Amino acid sequence: MARKNSGKGAGAPQVTTVVVMRLYIAGSAPNSVKAIANLQAICDQHLKNSYRLELIDVCEYPQRALADGVLVTPSLTKVSPGRTANIIGNLSDTGSVMAALGLHTRAAE
Amino acid sequence: MTLDAQLAARSPSKSEAAAAFQTWIRRVVTGAAELRALDDGQLDAIIDPATGNAIMLPAAQVVLHGSRRIVRNAFDALPSGICVLDPTGTVVMTNRAWRAFAVARAGAGLGIGEGGNFLVACRNADAGERVHALAVAVGLRRVLDGSLSQFRRDYACRSPGGNCAFTLIITGPANNASPHVIVTRENVRERKQTRASHGRGRARRNRIVTLARAGTPNRLLASLPARDYARLRGSLEPVTLTYGEILFEPGQPMRHVYFPSDCVVSLLTIVEGHRALEVGLVGREGMVGSRLALGSTQSSVRALVQGTGAAVRIASARFLRAFRESPALQRTMLRFADTLMTQVSQTAVCNCFHVVEERLARWLLMTRERLQTSEFHLTHEFLADMLGVRRVGVTTAASSLQRQKLIRYQRGNIRILDQRGLEAAACACYQQVRIKDPDARSA
């Protein structure tokens, strides 16, 4: 379900830089709605205000997704810091999402 | 048209169409993570690389179809007429109220249906409503080009169904994702009726509160929030207190607490079992029995009614219950207890250091504030007891004030002639103990 390319190893759960993400969704389809809620919960708990999230609705902008190499939704792309990482699905697997975002906490381990 | 539908149209049976769709999905989705999410039912849509369109998966389609029905029903249930315009001004969606208006008014009042263009309708409006219609067209163009976020226009027209007046509200796109414009038609008469009915409701509530408090001009009760006053109201009992009546004696339990309306109660300390000295004066600004709020059930003073008048009382147990339950009542009572303590200590100082004439002037002013009248009946003996002096001392002081034309004193009837002059004649203690409420001073 998850594909991650993050090169970061396990370390202290410190967030000092802004995490930039893009979430591709399909309107108000059920998995897209769940993905938004799950990501929001993770961001609120671990990133506070240190993140920037761009929501892209593929029903409105399919070409944008295609140009970014995204073929399925919901799909989350971590743009920065570090390497780009993608995670597919409704983001209910918190550990995988946190690993993809480089948030190595005890919970993720 | 979804890919599922396209395939279904081409395929001889539904099952074959579904199989073909699954085959297409497996051809497009090749990554392990994507396939895992697909098998777990966590995907909503796939983007067709050939056409660049987003194709909804069947499970998502079912849910969205249900959601759209709910939204549509809610849209139709709204009482205001609403239509949605695309960026060219063409009506792409209307609700039931909008359609009903269009049918009833035969197209008057810009009542156009889906597929019609709003700007064209404005241009073609009848002469009777052309001024309004052209103004709406200008506003709509500004909303469409983004120079205005919302436009409102009161609109009146004639139609086969009779004259009608409404307000058109044109609201621009909320975000870049949806370039559509919403037009809302609010019926003016209904809006006015709604406002009037709200106004009537407010006025009625205010009247009820006013009526409920009308019988209790006591300032303490009047200062309570409506909910806290309502808690006490059922237990309040109107009583008439008569001159010379003793409400409490020192050391006796306080069975009731009293809230004077237009009478005055003196708080007297008893010395050597028979001599009394006034230490406090309570009228419509306060209550008699405030020690209950401080945790004591017995009176420490004699409470003697000075002037016949109305009051309300409440049984001590009920008062204590309300006191425990109401933070507002607690604050009010403790504030008054503090005020009374200030008055008692100031009176003690006054009795010790100031001459009888000054003290008499203070006492007359305090009584006037509490009785809300400049004329009252008091004998020399009574005044002597209140001030803790001999009768002759009161006679001398009253004569002096009369000579200065500040009061008139005749056979026990006292009339204050010059309030400002009397204030000047009183000692500085009066400024410390006077009622801070301006209403109470404007007798």
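Two strands count as paired if DSSP finds at least two bridges between them. The exercises below use this rule on a predicted model.

**Exercise 1.** Determine whether strand 10 of chain B is enclosed or open to the outside.

Solution. 
- Step 1. A residue is buried when 20 or more other C-beta atoms lie within 10 Å of its own.
- Step 2. Strand 10 spans residues 256-260 of chain B, and five of its five residues are buried.
- Step 3. Take the two faces in turn. On one side B:His256, B:Tyr258 and B:Pro260 are buried, and on the other B:Val257 and B:Phe259 are buried, which leaves both faces covered.
- Step 4. Strand 10 of chain B is therefore largely enclosed by the rest of the structure.
- Step 5. Strand 10 also has a pairing to note: five bridges join this strand to strand 14 (residues 309-315) of chain B, and the two run antiparallel. B:Pro260 has B:Ala311 of strand 14 as its bridge partner.

**Exercise 2.** Describe how helix 13 and helix 14 of chain B pack against each other.

Solution. 
- Step 1. Helix 13 (residues 356-371) and helix 14 (residues 380-387) of chain B have axes 11 Å apart, at an angle of about 100°.
- Step 2. Angles of 65 to 115 degrees count as roughly perpendicular, so helix 13 of chain B is roughly perpendicular to helix 14.
- Step 3. Helix 13 brings B:Val356, B:Arg359, B:Leu360 and B:Trp363 to the contact, and helix 14 brings B:Leu383, B:Met386 and B:Leu387.
- Step 4. By class, this contact has six nonpolar residues, no polar residues and one charged residue.

**Exercise 3.** Outline chain A, then describe where chain B touches chain A.

Solution. 
- Step 1. Chain A contains three helices and six strands. Read from the N terminus, their order is β-β-α-β-α-β-β-β-α.
- Step 2. Of the 109 residues in chain A, 37% are buried.
- Step 3. Between the chains, 24 residues of chain B are in contact with 25 residues of chain A. Helix 3 (32-39), strand 1 (45-47), strand 2 (54-56) and helix 4 (58-77) of chain B each supply at least two residues of the side that touches chain A.
- Step 4. That side of chain B has 15 nonpolar, five polar and four charged residues.
- Step 5. Strand 4 (residues 72-73) of chain A and strand 1 of chain B run antiparallel and are joined by two bridges. A:Thr73 stands opposite B:Ala45 there.

**Exercise 4.** Classify B:Arg420 as buried or exposed.

Solution. 
- Step 1. B:Arg420 lies in helix 16 (residues 419-425) of chain B.
- Step 2. Within 10 Å there are 8 other C-beta atoms, and 12 or fewer count as exposed. B:Arg420 is therefore exposed.

Methods
Residues numbered from 1 in each chain as written. Chains lettered and ligands numbered in written order. Predicted model: local features only at pLDDT ≥ 70, side-chain atom pairs only at ≥ 80, totals over all residues. Helix = DSSP H or I, 4+ residues; strand = E, 2+ residues; numbered from the N terminus. Contact = placed C-beta atoms within 7 Å. Nonpolar A, V, L, I, M, F, W, Y, C, P; charged D, E, K, R; others polar. Axes fitted to C-alpha atoms, helices over the stretch in contact; angles between N-to-C directions. Parallel < 35°, antiparallel > 145°, perpendicular 65-115°, else oblique.
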